[in-house]
Amino acid sequence: MNKIKNTFLICLLSFGVFTSVFGQLTIKGHVISQNNKEPLAFVNIGVLNSSFGTISNGDGSFSIKIPASHLKENLLFSAIGYEKKSLAINSFANNKENAIYLIEKEIALDEVVISASTRKIKTQLAWKP
């Protein structure tokens, strides 16, 4: 009886390991600026409509594991000063290095005028000696 229990337990544990390893897609790659071909650090990378995400490292590299239940979703890349890019997860090859190019986005700011003026401020002491 113990032998059957042990065999069943081993099969059950093995199934759990195989399901967690084979039931997901690992996407690896580098995020690069399209304008100057420099790697982009700290780019937000996330699966749309979920809580799965990561950021790119200082050299622009990233790795994210996508569960099988999200393989039909899109992966969104976003960074300040760059246009967002959304790509279908099923377009990535498993464990292959991918290059993601982001396009710089110019942001027009309103004019700011700074002027100096002198202003006298009266102070009163609440405590008199």
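A polar contact is a pair of N or O atoms within 3.5 Å; within protein, one must be able to donate a hydrogen and the other to accept it, and residues adjacent in sequence count only if both atoms are side-chain atoms. This is a predicted model, where local features need pLDDT of at least 70, side-chain atom pairs count only at pLDDT 80 or more, and totals for chains, interfaces and linings use all residues. Residues are numbered from 1 along each chain as its sequence is written, and side-chain values use heavy atoms, leaving out hydrogens and water.

**Exercise 1.** Find the side chain with which the side chain of S61 makes a polar contact.

*Solution.* Start with the location: S61 belongs to strand β4, residues 61-67 (strands are DSSP runs of E, at least two residues, numbered from the N terminus). Next, look at the side chain of S61: its polar partner is the side chain of D59, at 2.7 Å.

**Exercise 2.** Work out how β1 runs relative to β4 and to β7.

*Solution.* Take β4 to begin with: 7 bridges join it to β1, and the two run antiparallel (strands pair if DSSP finds at least two bridges between them). Here K28 has S63 as its bridge partner. Now turn to β7 (residues 97-102), which is joined to β1 by 6 bridges and runs parallel.

Note on methods:
Helix = DSSP H or I, 4+ residues; strand = E, 2+ residues; numbered from the N terminus.
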